[in-house]
Amino acid sequence: ILAAFVNATSNYISAQVMIGNPEKSLKAWEQVKGSVALNILNRNQFLVKCYNLSHTYFMLGNYREALKWLNRILEFREKNRLDVQAIARIYGLLVHYELGNYDMLPYTVKSSKRFLIKHNYFYEFEKIMMSFFEKKIPAANNHQEKIEAFRQLKTQLQALLKNNQKIRALEHFDYVSWIESKIQNRSFAEV
C-alpha cells in the first residue's frame with residue numbers, strides 16, 4: 001500500500017511539474033516528505049523524484065534547493081536511468097548560472113561534456129548548450145551582450161526544432177521559456 005501511495009504521489013508531482021504548477025508540486029511533497037522515506041523508492045523512482053523536486057524548486061526561484069536535489073542525481077553512480085542523468089547535466093548548467101556560480105561553469109561544462117560523450121548523449125542540442133555556457137556567456141562583458149547571447153541561443157534551438165529534431169531534454173524542461181525569461185529580464189515562472 002505504501003508503495004502505491006509513493007507512486008501516486010510521485011506521478012502527481014511529475015504531472016504538476018510538467019504543466020507548470022510548482023506550488024502544487026511542492027505542496028504534495030511537503031505533505032508526504034515526513035512520512036515517506038526516499039529509500040522506499042526504487043532507483044528509477046528516486047532519480048525521477050529528485051529531478052522533479054529540483055525542477056519544482058527551480059521554477060519557484062529557489063536555486064539552492066534545486067541544486068541540492070540535482071546533486072542527488074549527479075552523485076548517483078550506477079548506470080541506471082542514464083537519460084535522467086544526462087538531462088540533469090545540461091539542466092545543472094542553468095542551476096549554476098542562476099546561482100551566479102560562474103566560476104563553476106567551466107568545470108561543470110567539461111565534466112558534463114565528458115559524461116555525455118562517454119554515454120552517447122552528446123547530440124546537437126547538448127553541443128549548442130555546452131558551447132553557450134563554455135564560450136558565449138564568458139565572452140559577454142555586460143548585460144546587453146548576455147541578452148544578445150541568449151537571443152542567439154534561442155534562435156539556434158528554434159532552428160533545431162524547425163528541422164524536426166527530437167530533443168529529449170526539451171520534454172523535461174522548457175529551455176526556450178527559460179531563455180526567453182533571460183531575454184525579457186523576468187522570472188522563469190512569469191514566462
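The lining of the second largest pocket in this predicted model comprises ten nonpolar, four polar and two charged residues. This pocket has a volume of about 260 Å³. Its lining is made up of 16 residues. V17, G20, M59, D174 and F188 are the ones that lie nearest the centre. Helices α1 (2-18) and α3 (43-59) each contribute at least two residues to this lining.

The largest pocket holds about 330 Å³ of space. Here, too, the lining has 16 residues. Nearest the centre of the largest pocket lie L74, R89, Y107, S111 and S112. Two or more lining residues come from each of α4 (63-74), α5 (82-99) and α6 (105-118). The largest share belongs to α6, which provides seven residues. By class, the lining of the largest pocket splits into five nonpolar, six polar and five charged residues.

Helix packing was examined for α8 (residues 143-162) and α9 (residues 175-184). Their axes lie 9 Å apart and form an angle of about 155°. Angles over 145 degrees count as roughly antiparallel, and α8 and α9 are therefore roughly antiparallel to each other. The crossing of α8 past α9 is left-handed. On the α8 side, the contact is made by I147, F150, R151, L153, K154, L157 and L161. On the α9 side, Y175, V176, W178, I179, E180, K182 and I183 take part. Ten residues of this contact are nonpolar and four are charged.

Methods: Residues numbered from 1 in each chain as written. Predicted model: local features only at pLDDT ≥ 70, side-chain atom pairs only at ≥ 80, totals over all residues. Heavy atoms only, no water. Axes fitted to C-alpha atoms, helices over the stretch in contact; angles between N-to-C directions. Helix = DSSP H or I, 4+ residues; strand = E, 2+ residues; numbered from the N terminus. Parallel < 35°, antiparallel > 145°, perpendicular 65-115°, else oblique. Left-handed = near helix turned anticlockwise from the far one by under 90°. Contact = heavy atoms within 4.5 Å. Nonpolar A, V, L, I, M, F, W, Y, C, P; charged D, E, K, R; others polar. 1 Å grid on protein atoms, 1.4 Å probe; cavity = no way out; pocket = protein on both sides within 12 Å on 5 of 7 lines; lining within 4 Å. Points joined across faces, edges and corners; volume = space filled by probe spheres on them.
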